[in-house]
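Keep the 3D view open and click along as you read.

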Amino acid sequence: MSVNSAEARASVDVVLVKAGRTKIRYPAELLHDDGTRLAVRAPWAGAGVRDFGFVRFEAGDVFTEHYWRDRWYSVKEVRTAAGAVKGWYCDITRPAVLTGTELVVEDLDLDLWRSADGTDVRRLDEDEFAESGLAERDPEAAAAAVAALDELERLARGDGFTDLLA
């Protein structure tokens, strides 16, 4: 289903689930849904500032988030309130599920950051992933998560990253 301009103003609730519990829920504007990839836009939904050392997420930041129904990740473009690209924060997740106006994504702990200029690509939270026990509980999901992180890192370090979001 393609989203036309009237539908593009539709709202969805993004629900990020981690370890069986809702980590965060926030409203977002639906920009695109072609049946496989969805894109939404939302302001920074976190409480206060989140400083990772290499990037800060703060009030006024705008996230354009890309989700797939057939891929094990999401990619979030982060911009300042003035529109400057900070970079892309990528979550390794199970494929997204849209039911009605609720977009549910299960976070699998692994993350990747790519700076706006592409010179800083870093894998994040591999220790949390190891501690999560997913490899023991669901080895197939754990293997899919690691493969997704490897794929995203390869794309982020090469030319294929912007094509992924086109």
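## Before we start

One thing to keep in mind: what you're looking at is a predicted model.

Let's begin with strand 10, which covers residues 102-115. Now look at who sits alongside. Strand 1 pairs with strand 10 in the parallel sense, over 5 bridges.

Strand 8 and strand 10 are antiparallel and share 6 bridges, and Tyr89 stands opposite Trp113 of strand 10. Trp113 also stands opposite Arg122 in strand 11. Strand 11 itself, residues 121-124, pairs with strand 10 in the antiparallel sense over 4 bridges. Then there's strand 9, residues 97-99, which makes 3 antiparallel bridges with strand 10; there, Val97 stands opposite Val104.

## Two hairpins

Strand 10 takes part in a hairpin with strand 9, and 2 residues lie between these strands. Gly100 sits in that turn and has a positive phi of about 65°. Strand 10 also forms a hairpin with strand 11, this time with 5 residues between the strands. In this hairpin, look for Gly118, whose positive phi is near 80°.

## The nonpolar cores

Time to look inside. The largest nonpolar core has 23 residues, and the ones that touch the most other members are Tyr73, Val75, Ile92, Leu152, Phe161 and Leu164. Which elements give two or more residues to this core? They are strand 7 (73-79), strand 8 (85-93), strand 10, helix 3 (139-157) and helix 4 (161-164). Helix 3 gives the most, with 8 residues.

Leaving out residues up to four places away in sequence, Leu152 touches Tyr73, Val75, Cys90, Ile92, Leu112, Phe161 and Leu164. Apart from this core lies another one, made of 13 residues, including Tyr26, Leu30, Val40 and Val105.

How do you find gaps in a protein? Rolling a probe the size of a water molecule over the atoms shows where empty space is left. How many cavities of 30 Å³ or more turn up here? The count comes to 1, and about 30 Å³ of space lies in the largest cavity. Its lining includes Val14, Val15, Leu16, Tyr26 and Val105. Strand 1 (11-18), strand 7 and strand 8 each give two or more residues to this lining, and the largest share, 3 residues, comes from strand 1. By type, the cavity lining divides into 6 nonpolar, 2 polar and 2 charged residues.

The largest pocket has a volume of about 460 Å³. It is lined by 23 residues, and the closest to its centre are Leu16, Lys23, Trp44, Arg50 and Lys76. Leu16 and Lys76 also line the largest cavity. Several strands supply at least two residues each to the pocket lining, among them strand 2, strand 3 (37-43) and strand 6 (62-68). What kinds of residues are these? The pocket lining divides into 11 nonpolar, 1 polar and 11 charged.

## Loop residues worth a click

Ala19 has a phi near 55°, which is a positive value in a residue other than glycine. You'll find Ala19 in the loop between strand 1 and strand 2 (21-33). Is it buried or exposed? Ala19 counts as exposed because its relative accessible area is 67%, and the cut-off for exposed is over 50%.

Asp125 isn't a glycine either, yet it has a positive phi of about 65°. Asp125 lies in the loop between strand 11 and helix 1 (126-132), and counts as partly exposed because its relative accessibility is 25%.

Last stop: Gly83, found in the loop between strand 7 and strand 8. Gly83 is partly exposed, at 31% relative accessibility. Between the C-alpha atoms of Gly83 and Lys23 there are 27 Å, and along the chain these residues are 60 residues apart.

Conventions
Residues numbered from 1 in each chain as written. Predicted model: local features only at pLDDT ≥ 70, side-chain atom pairs only at ≥ 80, totals over all residues. Heavy atoms only, no water. Core = buried A, V, L, I, M, F, W, Y, C linked by side-chain atoms within 4.5 Å. Buried < 20%, exposed > 50% of the residue type's maximum accessible area, 1.4 Å probe, protein only. Contact = heavy atoms within 4.5 Å. 1 Å grid on protein atoms, 1.4 Å probe; cavity = no way out; pocket = protein on both sides within 12 Å on 5 of 7 lines; lining within 4 Å. Points joined across faces, edges and corners; volume = space filled by probe spheres on them. Nonpolar A, V, L, I, M, F, W, Y, C, P; charged D, E, K, R; others polar. Pairing = 2+ DSSP bridges.
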